[in-house]
Amino acid sequence: MAVKNIIHDQLFLMQKSTLANAKDMQVAVDLRDTLLANRNKAAGLAANMIGEAKRIIAFYIVGMPMVMFNPKIIQKGNEYLATEGCLSLNGERPVKRYEHITVKYQNINLEYETQEFSGFVAETIQHEIDHCDGKII
């Protein structure tokens, strides 16, 4: 298990992440392991939060960690205002989210998939994709 430290450097976190590929498989494993190690305080993580500026996110689906390479929201609906915290930042902030999203991504085998998400899982995915885009909430 390769648990990494959580990055708090806002200048680093504000950089856009680059596309991930097969060479970044260890980053995905480290991200998943770090998410599991922070299970009691994190619903999801993006690779830049562990010091890797790659478009990889990890989050929980029914209690199990899921990793996405190069996620992109292709459809969204039912906008609402959420209040979110982040392991990389202190406090909570208001942010616009969508109740339902459709995400195109590559799975852990780098195969393309498209999947719909809703509720808290959708909110978590949006938060982590924001990290990939260099947006700090």
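How many residues lie between β3 and β4 in the hairpin that they form? The hairpin of β3 and β4 has 2 residues between its strands. The model is predicted, with local features needing pLDDT of at least 70 and side-chain atom pairs counted only at pLDDT 80 or more, while totals for chains, interfaces and linings use all residues. Residues are numbered from 1 along each chain as its sequence is written, and side-chain values use heavy atoms, with hydrogens and water left out.

View 1. Strand β3 (residues 64-86) and strand β4 (residues 89-106) run antiparallel and are joined by 14 bridges; strands here are DSSP runs of E with at least two residues, and helices are runs of H or I with at least four, numbered from the N terminus. Two strands pair if DSSP finds at least two bridges between them. T83 has P94 in β4 as its bridge partner, and E84 has R93 in β4.

**View 2. The hairpin of β2 and β3.** Strand β2 (residues 56-61) runs antiparallel to β3, and 6 bridges join them. I61 stands opposite M64 in β3, and V62 takes a positive phi near 50° in this hairpin, which has 2 residues between the strands.

**View 3. The whole sheet.** The open sheet consists of 5 strands in the order β1-β2-β3-β4-β5, with antiparallel pairing. Because β1 (44-46) and β5 (112-118) stand at the edges with a single partner strand each, one side of each is left without a neighbour in the sheet.
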